[in-house]
Amino acid sequence: MIGDIVIFVFMLISQTCNGSDSSHCASSSCGNNHNISYPFRLQTDPKNCGDHRYELSCQNNLTVLNLNGGRYYVQSIDYDNFTIGLVDAGVHPDNCSSIPRFPFIYDLSKRYSTYIYRWSESEEYKRADLSQQIMFIKCQNPVKSPPYVGTAPCLNSSYVNIGDMKANDLMELCSVEMISLFPLFPAKKNMSFLEIHRQLAFGFQLSWHRIYCEKCHPYDCYLDSRKGIQCFYRPWNWITYILGWILWILLGPFHYKGNLPYVGGLIFSEITWILVWTFVYLGMCFVARALCGAPCVIAFLIYKWRRRHLSGYENIEEFLQSHNNLMPIRYSYSDIRKITRGFKEKLGEGGYGFVYKGKLRSGQFAAIKTLGKSKANGQDFINEVATIGRIHHTNIVKLIGFCVEGSKHALVYEFMSNGSLDNYIFCEEGSISLSWKKLYEISLGVARGIEYLHQGCNMQILHFDIKPHNILLDENFTPKISDFGLAKLYPTKGSITSLTTVRGTIGYMAPELFYKNIGRVSYKADVYSFGMLLLEIAGKRKNLNALAENLSQVYYPFWVYDQLSSGKLTIEDSSEEENILARKIIITGLWCIQMQPCNRHPMNKVLDMLEGDLKSLELPPRPILYPVESMNIDEGESSMSSEVK
């Protein structure tokens, strides 16, 4: 009885906004929606009307809801069942080629949900789903499989799947292009895409009942048989409730001055909360010591140990929940074991963990990178999935899928049969030597990949670790940039926030990452790393070699510059055409490793230099290893704004 009274009071309180009573506000209308009232409001309504978290707009006589970056047309609002009907703004009833434009992202603010709890005839709470998932899938080859419905003639090479699809159900050479919501209609067999599109245009439903669940904290709420919102209780909550009332009876006259606690949230003063939890803690300790003793202590230590390790991966799960439109497939750890045949064939290892060779169900080989030593609470994993998981380019390695199960993390890449570039340019006896033409093609491919990262995406991606080891080669020696563990994303016209750590590999890191007085950190850091890579390709050796026969050859950029400027440079074992290609690689590399970022060209200009005529290339200033004191801070760097701290 007390609980019902309290909930009724909360329902009255919820009708106010910013301290003003919104119950006297007149209903608004827009288009076919003639009764827009609490908690909803239009932007044009008075400020004291409705809940601003549930604000709608009226555009061209259509009611519009903006939710997590998506734009939806409001078809209806059912105040009895606490549901709102929505249609993605990209879907048009008369055009079957129109599909959702906005991937549905789980509502992190918890204003809306795809389900509601109802009180069933069997007198128990049951979850009732309001909508189901629909996937738009792009496939390189024709697919004839029951879970896939072809979209022809409306869309080319596309399919849809209604309901929950597991990672194993996604066929090879297929990728998820869009995830949206679909009405909760029973799917008929052999349903055509035209029927599916008609139901898409009909729209899906979300529930906004959770606004009243806030008043039931720490409980949840459900829709009763009279279509009213009620709080339901769990047994462990009653323990807190009873203890709270006991302490209020004993201590209330001294602390509360007439304020009463309530069932839903136990409104007490801070002193009372301290007393409540002190009492609970002491009681638990006494019971644990008396009844369980050492086993309970051991169990508690194990729990704390597990929580300490699992807490480091909570941000990974938050990232995956807020980016559920990612293209890669999510595999289970058992899938990873099957693909690698129990991690049988190891391809390599690094500071991150190990790389194993695997075989997918289609027969395609894959490289599985395990992240056994994840850094910065899984930030390296998030960087890889957030960058490479969203893009597709000929010169960037493809991320097929990933695995996250507690502390077990793995990334599934396409298999590069010829390994990494460093195996070919740092030649040892018995290794394969690549021709100058092939080295030139590899240089062009890497440049195109970096240029795409800098300018071809919605967000500018800075790799920060361009080096031969991270350039993989497929069966045709096509280069693909890999290892985005240090990458960072920035708006294409924004600015970098200050980097708190130096990132990259010594020998390839741009000097502005070390020295504050030469320029600001920007995409030019990747240009510098690419220049060092070009010079190593040209010299077929490490740029810094302390074991070189001549002192002048210890640092290759110095030596090759002096040879070029004096006209003494000879390219061994090369034709006239290959001689030209080698010189273009060297001169372009020397331009890329200039000390000041403003003297380095952006990647589109670097590509022009590699593809252009050798005669049009001028020799840059001689490279230097350390900045001189007379250098001024570069004020002309236009792309990025912050210095390394």
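## Basis

In this predicted model, local features need pLDDT of at least 70 and side-chain atom pairs count only at pLDDT 80 or more, while totals for chains, interfaces and linings use all residues. Residues are numbered from 1 along each chain as its sequence is written, and side-chain values use heavy atoms, with hydrogens and water left out.

## Overall fold

The chain has 15 helices and 28 strands. Helices (H or I, at least four residues) and strands (E, at least two) are DSSP runs, numbered from the N terminus. Of its 645 residues, 49% are buried. Buried means under 20% relative accessible area, exposed over 50%, and partly exposed in between (1.4 Å probe, protein chains only).

A contact means heavy atoms within 4.5 Å. Among contacts between residues at least 6 apart in sequence, 64% join residues at least 24 apart.

## Nonpolar cores

A nonpolar core is a set of buried Ala, Val, Leu, Ile, Met, Phe, Trp, Tyr and Cys residues joined through side-chain atoms within 4.5 Å. The largest holds 79 residues. L411, L421, F484, F530, I586 and L590 touch the most other members. A second, separate core has 34 residues, including L65, F102, L206 and C213.

L590 touches L535, P557, V560, Y561, L564, L619, P620 and P623, leaving aside residues up to four places away in sequence. I466 sits in the loop between β25 (459-462) and β26 (471-473). I466 is buried, because its relative accessibility is 1%. I466 and F484 are 18 residues apart in sequence; their C-alpha atoms are 9.5 Å apart.

## Helix α13

Helix α13 spans residues 556-566. Its buried residues are Y556, P557, F558, V560, Y561, Q563 and L564. They pack against α12 (524-539) and α14 (576-592). Just after α13, G567 takes a positive phi of about 75°.

## Disulfides

A disulfide is a pair of cysteine sulfur atoms within 2.5 Å. The count is four. C30 and C58 are joined at an S to S distance of 1.9 Å. The torsion about their S-S bond is about 85°, so this link is right-handed. C30 lies in β3 (residues 28-30) and C58 in β6 (residues 55-59), so the pair ties together parts 28 residues apart in sequence. C30 is buried at 2% relative accessible area, whereas C58 is partly exposed at 41%.

C96 and C154 are joined at 2.0 Å, S to S. Their torsion is about -105°, so the disulfide is left-handed. C96 lies in the loop between β9 (83-88) and β10 (115-119), and C154 in the loop between β13 (149-150) and β14 (158-162). C96 is partly exposed at 23% relative accessibility; C154 is buried at 14%. C139 and C174 also form a disulfide, with S to S 2.0 Å. That link is right-handed, with 115° about the S-S bond. It connects strand β12 (residues 131-139) to strand β15 (residues 174-183). Both C139 and C174 are buried.
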